[in-house]
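Subject: Structure handover, helix packing

Hello,

Here is the structure I promised to pass on. My notes on helix packing follow below it.

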Amino acid sequence: MSSKFEISFSKSAKLHGGLAILLKTTDAESAAGVESVDPAGVVAKAAKIGRFSAKSMSALDIVAPEGSSVERIVVIGLGKAAELTAHDWLKAGGAAASKIKNTDRAAVFIDVPGLETSARAAADFALGMLLRAYSFDTYKTKKGDEEEKPAKSVKVTIVTADPGSAKKAFSDSEAVAGGVNLARDLINEPPNVLGPVEFAAKAKDLEKLGVEVEILTEREMRRLGMGALLGVAQGSVRPPRLAVLQWKGGKGKDRPIAFIGKGVVFDTGGISIKPAAGMEDMKGDMGGAAAVTGLMHVLASRKAAVNAVGIIGLVENMPDGNAQRPGDIVTSMSGQTIEVINTDAEGRLVLCDALWYCNDRFKPQFMINLATLTGAIVVALGNVHAGLFSNDDQLSAQLTAAGLSTNEKLWRMPLGKDYDKLIDSKFADMKNSGGRQAGSITAAHFLKRFVQDTPWAHLDIAGTAMGSPQDEINQSWGSGFGVRLLDELVRAHYES
């Protein structure tokens, strides 16, 4: 059963019953808050007997501690104090959240003796709790024994020396959690529920936060000449949409920064149909659009001081009698013609028109597109890193740093003329597939032909947006990868 945490911050907490969670580093003599909840020294005794050394994310669980006013004490290990990172605080929050069961209140003591706990660390800890608490069970009608009751609310008090500063920092963390979990919801929704029109409606909901949202229909896209995107959509009875989201939090004269997401709500491969086994996962082929939507939610929720544009191309790729065929030639919005070699290389056809539209209309400082684009990137990088391709070293370095900070890690891949020529076509300006070799790189080169001189980065998130390993802060099939990464990029470099 999922829990909803009502998190507050305080200098102290008096518990009668409930749960106390204490943090401890390997080099601290005692855990945070032990003097408040453990008058009999049960924690030290249990740690000695259980050989608990406070290694990173280890836990010591004590039920009905002697002499304590609480029903249960859990000690979470942080490892060595000198090696703690921002991501470790998120993980610790997630580890703590996983221990909150069968109670409606908990106090968490985070000020470990000898360790200075910043407001940011406290907020990161709370963010980790919110991310771990996420679950997607909307369509489950039968619950297990532990899920018989409806989702409950747990009041969590985080005890720290400067609760005011922690609370202020946490307001941003709540915004981030909202954006990540929105992206997760979108990815996890079944494809019969979330089509292009329904996804566009979800984007339209961001107007409640102050985001300006326009939804372009098939008619407007045809008028703009988006033949590449429309070619993908023509095999589905569900009409395509292009959602344009604007957050105007910066100065009026400031050029916006832009994020573009691939939103293929379901991908059969089209006429170049995919194997049946595992095709159900292709409901997540809109992970890039989900991340962009989640990011715009974060920027608006925390009132980011930046002008930002989010554009998501929403289509379904189906093998209908009207579907495009291998060998078809389509004309993109840029005027460049594309020979469709493989209808399963459809995401780049959607993105190329979205990129050109964004660049032509908004003249942004940079463009970053996110897409579950190629299986080849999963072969290359697994689900540890997303692939990063860029025409700009500064933007690439900023993204890499943001990835290391958030643990949504990127690995820069090469671009070059020898790769670019692999997508030259005998019959059109280019073809949409260069074959199996260097598949992720040739896909990036295809997109590069539609960005002109604008600084640009392409993030291939096929291995990280869905089905990635579960950890302390993510137990969901849809991870929401990219939201925290890009929010950190904006926060670190682009807010006025």
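Which residues in α3 meet which residues in α4? Bear in mind that this is a predicted model. On the α3 side they are Ala86, Trp89, Leu90, Ala92, Gly93, Gly94, Ala96, Ala97 and Ser98. On the α4 side they are Ala121, Asp124, Phe125, Leu127, Gly128, Met129, Leu131 and Arg132. Sorted by class, this contact of α3 with α4 holds eleven nonpolar, four polar and two charged residues.

As for the geometry, helix α3 covers residues 86–98 and helix α4 covers residues 119–133. Their axes come within 6 Å and cross at roughly 45°. The crossing of α3 past α4 is right-handed.

The other pair is α5 with α9. Helix α5 spans residues 163–188 and helix α9 spans residues 287–301. Their axes lie 8 Å apart, and the packing angle is about 155°. Because angles over 145 degrees count as roughly antiparallel, α5 and α9 are assigned to that class. Their crossing is right-handed.

From α5, the contact is made by Ala175, Val176, Gly178, Gly179, Leu182, Ala183, Leu186 and Ile187. From α9, Gly287, Ala290, Ala291, Thr293, Gly294, His297, Val298 and Ser301 take part. By class, the contact of α5 with α9 has nine nonpolar and seven polar residues, and no charged ones.

Regards

How values were computed
Residues are numbered from 1 along each chain as its sequence is written. This is a predicted model: local features need pLDDT of at least 70, side-chain atom pairs count only at pLDDT 80 or more; totals for chains, interfaces and linings use all residues. Side-chain values use heavy atoms; hydrogens and water are left out. Axes are lines fitted to C-alpha atoms, for helices over the stretch in contact, and angles run from 0 to 180 degrees between N-to-C directions. Helices (H or I, at least four residues) and strands (E, at least two) are DSSP runs, numbered from the N terminus. A crossing is left-handed if the near helix is turned anticlockwise from the far one by less than a right angle, and right-handed if clockwise. Contact means heavy atoms within 4.5 Å. Ala, Val, Leu, Ile, Met, Phe, Trp, Tyr, Cys and Pro count as nonpolar, Asp, Glu, Lys and Arg as charged, and the others, Gly among them, as polar. Angles under 35 degrees count as roughly parallel, over 145 as roughly antiparallel, 65 to 115 as roughly perpendicular and the rest as oblique.
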